[in-house]
There are 2 protein chains.
Amino acid sequence: MRSDRSGVEQTFIEEARRRQLLQATIETIAELGYGQASLARIAQRAGVSKGVIAYHFTSKDRLIELVVDHVYASSWAAVQPRLAGAGTMTEKLATFVHAEIQYYGSHRQQLLAIGSIVVNHRCADGSLHYPPGAEASVVRVLVDLLRAGQERGELTSFDPLPLAVTVDRAITGALEQWATDPEIDLQAYADELARIFEAAVRPLMTEMP
Amino acid sequence: MRSDRSGVEQTFIEEARRRQLLQATIETIAELGYGQASLARIAQRAGVSKGVIAYHFTSKDRLIELVVDHVYASSWAAVQPRLAGAGTMTEKLATFVHAEIQYYGSHRQQLLAIGSIVVNHRCADGSLHYPPGAEASVVRVLVDLLRAGQERGELTSFDPLPLAVTVDRAITGALEQWATDPEIDLQAYADELARIFEAAVRPLMTEMP
DNA sequence: GACCGGTCTGACCGCATGGTCAGAAATTAG
DNA sequence: CTAATTTCTGACCATGCGGTCAGACCGGTC
């Protein structure tokens, strides 16, 4: 079985190996960082020889990109239904903050791996493969959410981009604080973030009781 | 003249070379990223041979750390006097946001280089040399500032750490947005950040006219 | 038994890395 | 002008990298 036939007609063993190698990659990057996560070290952690990775994946770059796809898909699968369940836009905003923090709070290795990958993984031409910017999926979701809230008159008028970027950064900031110091009460931290952002979107004249 | 006698009894040429090599390092990391910034490429950009770096600096790690020291010292030298000039704590907070964004807005390479270094540079034991966390200098400054504002009753009561981290991240978020898309109006972006954070620290019952 | 496709190993390739060093070149001192 | 010192070069080293590949191994099927 050659590499990279994602999704179709996979042997049981192929499926299992791929999962194992993705997991080993996440663990290695989380622990040692993108730059130190060589194929040799990933293979060693998985208990196989380097050639196995070449057999199941077309290249190291492809491996990394599949890790990113997997993590983003998993986190979105956890966050999206909770978002749909929230009522007002303000609630959606708070829910988003809580859901993201909760997901990565219980997937520390995914958090660290993704963080190390997005700031390091590059295309052949040297440019970042996952550039920061308004196109990043989380930021896009937040901008849409804020704009919708403004159109219904539920939120004050302001440029949605800075707040969307800030919410995104605040979440990763919270998680990195916690990754550095696990003593931090993530729940309380998330509550505080929700308070900050609710104050920022609340129309000036209508205070909640 | 051997390497690393920082500050004392430097030849004119030594001083100049050190500056040049620090600058070449910043440019190389800003353009290619930490992982691709090899001694060979840095030397090539400076137009000298690799050995020169070894002659003027004890090691590549030391070079990187001197870059970080230089950038932090420069930015603080630009921000600190403006902070001292601001009156209320709310003004200080807004001033800090504007001053940081303004400094790095006119030092794009320093911004990109520092960003790439802090998430990548590691100690011999594999741990990050500049770990995120409450000890980061910017966050410390902000926590002190917020706490002082609370003690004078000027700001609402809240845990200063999440907001401090958020302000820090929001600033780097703004700058990275701008680094990705230079069309962005940094001044307006900074104004919007100031609005967000003023809303978050303002006591609930006292609206400004 | 022989055969077969899928899976895996371990050795190997070319290359880039950080670091070292003898000696050439440039600068300064006397 | 010579001698001493600082500065620099270019070749070299050991190491680790991503990637390749011939052949071993393994569970089935005739």
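1. A salt bridge here is a side-chain nitrogen of Lys or Arg within 4 Å of a carboxyl oxygen of Asp or Glu. By that rule, two salt bridges are found across the interface of chain B and chain A, and one of them may be named: A:Arg169 pairs with B:Glu176, with the closest N and O atoms 3.1 Å apart. Please keep in mind that this is a predicted model.

2. The same interface can be described by its extent, since the size of an interface is often given as the accessible area lost when the parts come together. Between chain B and chain A about 3000 Å² is buried, and carbon and sulfur atoms give 56% of that area. In terms of residues, 36 of chain B are in contact with 36 of chain A, and eleven residue pairs between the two chains are in polar contact, both partners being at pLDDT 80 or more.

3. On the side of chain B that touches chain A, helix 1 (12-32), helix 8 (160-180) and helix 9 (186-201) of chain B each supply at least two residues. Helix 8 of chain B gives the most, with twelve residues, and by class that side has 18 nonpolar, nine polar and nine charged residues.

4. A:Thr166 deserves a separate comment, being placed in helix 8 (residues 160-180) of chain A. Is A:Thr166 buried or exposed? A:Thr166 has a relative accessible area of 0% and is therefore buried, the cut-off for that class being under 20%. Beyond its neighbours within four places in sequence, A:Thr166 is in contact with A:Phe197 and, in chain B, with B:Thr166, B:Ala170, B:Leu193 and B:Phe197. A polar atom of the A:Thr166 side chain also lies 2.7 Å from the backbone oxygen of A:Pro162.

5. Within chain A, the domain assignment gives domain 1 (1-58) and domain 2 (63-201), whose C-alpha centres lie 27 Å apart. These two domains of chain A bury about 1200 Å² between them, 79% of it on carbon and sulfur atoms. In domain 1 of chain A, A:Leu22, A:Ile26 and A:Tyr34 lose the most area to domain 2, together 49% of what that side buries.

6. As for polar terms, the count between domain 1 and domain 2 of chain A is zero salt bridges, while two residue pairs are in polar contact, both at pLDDT 80 or more. Helix 1 (residues 12-32) of chain A provides the largest share of the domain 1 side, eight residues, and the residues of that side divide into eight nonpolar, three polar and two charged.

Methods: Residues numbered from 1 in each chain as written. Chains lettered and ligands numbered in written order. Predicted model: local features only at pLDDT ≥ 70, side-chain atom pairs only at ≥ 80, totals over all residues. Heavy atoms only, no water. Helix = DSSP H or I, 4+ residues; strand = E, 2+ residues; numbered from the N terminus. Buried < 20%, exposed > 50% of the residue type's maximum accessible area, 1.4 Å probe, protein only. Polar contact = N/O pair within 3.5 Å; in protein donor to acceptor, adjacent residues only side chain to side chain. Contact = heavy atoms within 4.5 Å. Buried area = accessible area lost by both parts, 1.4 Å probe. Nonpolar A, V, L, I, M, F, W, Y, C, P; charged D, E, K, R; others polar. Domains from an automatic or database assignment.
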